[in-house]
Amino acid sequence: MAEPPKLRVLMVSDFFFPNFGGVENHIYYLSQCLLKLGHKVVVMTHAYGNRSGVRYMTGGLKVYYVPWRPFVMQTTFPTVYGTLPIVRTILRREKITVVHGHQAFSTLCHEALMHARTMGYKVVFTDHSLYGFADVGSIHMNKVLQFSLADIDQAICVSHTSKENTVLRSGLSPAKVFMIPNAVDTAMFKPASVRPSTDIITIVVISRLVYRKGADLLVEVIPEVCRLYPNVRFVVGGDGPKHVRLEEMREKHSLQDRVEMLGAVPHSRVRSVLVTGHIFLNSSLTEAFCIAILEAASCGLLTVSTRVGGVPEACPLHGSQVLPDDMVVLAEPDPDDMVRAIEKAISILPSINPEEMHNRMKKLYSWQDVAKRTEIVYDRALKCSNRSLLERLSRFLSCGAWAGKLFCMVMILDYLLWQLLQLLQPDEDIEEAPDIRLCHHRGVEVSEGLKEEDKVRNG
Amino acid sequence: MEKNLAGDSIPRPKWRKVAYGGMQIGYDDNYTDESFLEEMVMNANVVRRDLLKVMKDSVSISQYLCIVALVVLVWVHTLESSLDENSLLLLDLSLLASGFLILLLTEEKMLSLSLLLRYLLNISFFTTGLYILAPIYQTLTRSISSDSIWAVTVSLLLLHLFLHDYSGSTIRAPGALKTPNLISCISVNASIVASVFVASRLPSRLHVFAVMLFSLQVFLFAPLVTYCIKKFNFGLHLLFSFALMGLTLYSIYALHRLFFLVFLLLVLLVNVVCPYWLIRMQEYKFEINGPWDEAKLCFDITD
């Protein structure tokens, strides 16, 4: 019989497979690596379509798809107390010790963190995105974050810029915020066995075609680059509201044969699109940590990116003193500067060796490393002293003149509801789930597991 | 870990602000460097406002308040039958003529004869249409009680004032580039519905026609005229505004003492108290910018 799991972690977020994106990937890979380190990991998310109830994924990763319908942008409707019973049941059933919430605009995550704190569990929060301070949306979002993080044990951010942002937004002490970046599954993103010929240079763009991802920059940059370099062609993967603008641009400049629009690219096909190109172009206007760049670099593509958010920290830069060669050419988010950066990238393209770049990425990023670093954060969280309700309330009270009192009311009501639930269904009445360890999976690479999962999803 | 390294003779490597390459040797993940928040910029784009300037700008608001108050006064006098239809029509005509004159005088380039003819044709179409529709307006809300009509009219006017575009004009001069936004269109429509409701309580068709024409002229074109005056000469704009304020205050005084007091307080609030308040609140302004901000595009997006 295997030794009992060291830590019992519940990952909570609105964003999980079958939805696709950076957060979903992060949770999945982190969970897989934590499972391999001998911890127990359970994921809680909302139901996707008819995928509701408990599912098992690769490596015995248990996923609770809570029957709670998404409201806007895949987040659940904020009911504040609606999720208390199910969160309590899951925490008890799985004998959880640490609750780990992901993503600042996941309402499910905020609610679960609040209930977990009320019940005295240790909570960790990972922030995956950047927010400004000026517009109405951000101001409200930041207040919610402040409430959610007021009494948190430890927080994680995906880049140093994101850490600065989170500290400013939530007023947390910087010592409580850890910087643990995302990683890339280098085994899944290998360069092509035969490198495409450099007679025709292919520039790949894979992003959702929305304003925040800089689709408008692409509209300006692509015709200019095509005019300067007759041997350049573009492959644009992704869909979104700005798709029409790109199509218009293509027609206006008669670039139908040089700009290929692929539409939405499923994650399992991203690698096959990436390996057809030489240069990866990222035009985001804001980015906490760009996984797409890592995936491209892992496939051996030279990246041209806008200098926004956490991007400059993510990869060794061109001309950096620390490493002799380069992986990313940065530009200001301005069409002229981006065209110059692409020119520069094309000029240094012959010196790029995809295999070498792939091997370097292997050393720079791995999910195992991320999991080990997250483990340290969990240990720190467990060492935090338990606080009484009164101590915790005083923290909420300091959140603001009106907001502080409101937050206190919310927490008191949550506590009372929890007490009521304990009367209706005592803790002892909740059945505990047995721990299932899938030992034969322990040797299997995580990436292969994901491929299997992909097959199931696409099939 | 840090202690061990500090004891070693080898100095620990310098911390770098990078995310790659795993945990940096000698530094925990929650290490906070001195460079933390170095790139934060505070209050970079704050505009220091000056009280006199804000007060001058607020005159536009009180001017429009006066215009709406004058319209309401005309409505009240018509409903009380102290203003007959002939003087109303005369008022319409003189307003139309003076409005045209102001537009002509403040315009940089002279209007051509053909454009003038086109305007006259449009106006005649408009008035004819309104004249034909007047009987419908008159009986439009017969089945609704007067109390509801007054209540709805007041709320619509408040909505109109709340959403009104005080900085420009919803009705643009021909050839203007920017199209009005949704909010100001809602505002204009609210005022028109309010005028229809009031007109439906009048005794004769001619009354309805005259009041509707008057209200539409003011609500649609007064912002354009005042905007043109303001653009032409700011001193003239102030003069015009103060003249309007005087006229309004006098007319309200003649009607009702309490309303006069309320309106006077309102004008003072808009022109003196609110600007002072805004300036006082400036010191609480706290703006944070940094590398986490969304980049702004330096070119216009035309969808």
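This is a predicted model: local features need pLDDT of at least 70, side-chain atom pairs count only at pLDDT 80 or more; totals for chains, interfaces and linings use all residues.
Q: What makes domain 1 and domain 2 of chain A count as touching, and how many residues does the contact take from each?
A: Two residues are in contact if their C-beta atoms, placed from the backbone, lie within 7 Å, and the contact takes 13 residues from domain 1 of chain A and 8 residues from domain 2 of chain A. On the domain 1 side, α1 and α5 (160–170) of chain A each supply at least two residues, and α5(A) gives the most, with 3 residues. By class, the side of domain 1 that touches domain 2 has 4 nonpolar, 9 polar and no charged residues.

Q: Why are the buried residues of α12(A) said to line one face of the helix?
A: The buried residues of helix α12 (residues 354–364) of chain A are Pro354(A), Met357(A), Arg360(A), Met361(A) and Leu364(A). Seen down the axis of α12(A), these buried residues fall within an arc of 120 degrees, and therefore they line one face of the helix. An α-helix has 3.6 residues a turn, so residues three or four places apart point the same way. On the other side of α12(A), Glu355(A), Glu356(A) and Lys363(A) are exposed, while the cover over the buried residues of α12(A) includes α9 (291–298) of chain A.

Q: What makes a set of residues a nonpolar core, and which residues touch the most other members of the largest one?
A: Such a core consists of buried residues of the nonpolar kinds that are joined through C-beta atoms within 7 Å, and the largest has 136 residues, of which Leu10(A), Val43(A), Met44(A) and Ile293(A) touch the most other members. Helix α1 (residues 22–36) of chain A gives the most to this core, with 8 residues, and the core draws at least three residues from each of domain 1 and domain 2 of chain A. A second, separate core of 37 residues includes Ala190(B), Val211(B), Val218(B) and Val225(B).

Q: Why is Leu156(B) called buried?
A: The cut-off for a buried residue is 20 or more other C-beta atoms within 10 Å of its own, and Leu156(B) has 21 C-beta neighbours inside 10 Å, so Leu156(B) counts as buried. Leu156(B) lies in helix α5 (residues 146–163) of chain B and, leaving aside neighbours within four places in sequence, is in contact with Ala190(B), Val193(B) and Ala194(B). Although Leu156(B) and Ser187(B) are 31 residues apart in sequence, their C-alpha atoms are 8.6 Å apart in space.

Q: Where does the label "transmembrane region" in chain B come from, and what is the helix content of residues 88–105 and residues 234–253?
A: The label comes from an unreviewed UniProt entry, which covers several spans of chain B, among them residues 88–105 and 234–253. In the model, residues 88–105 of chain B are 100% helix and 0% strand, with end C-alpha atoms 26 Å apart; residues 234–253 of chain B are also 100% helix and 0% strand, with end C-alpha atoms 28 Å apart.

Q: How many residues of each chain make up the contact between chain A and chain B?
A: The contact takes 39 residues from chain A and 23 residues from chain B, and the chain B side has 14 nonpolar, 5 polar and 4 charged residues.

Key
Residues are numbered from 1 along each chain as its sequence is written. Chains are lettered from A and ligands numbered from 1 in the order in which they are written. Ala, Val, Leu, Ile, Met, Phe, Trp, Tyr, Cys and Pro count as nonpolar, Asp, Glu, Lys and Arg as charged, and the others, Gly among them, as polar. A residue is buried if 20 or more other C-beta atoms lie within 10 Å of its own, exposed if 12 or fewer, and partly exposed in between; C-beta atoms are placed from the backbone. Helices (H or I, at least four residues) and strands (E, at least two) are DSSP runs, numbered from the N terminus. The arc is that of the directions from the helix axis to the C-beta atoms. Domain bounds come from an automatic or database domain assignment. UniProt positions are given in the numbering used here, feature names are shortened, and annotations may be inferred rather than shown by experiment.
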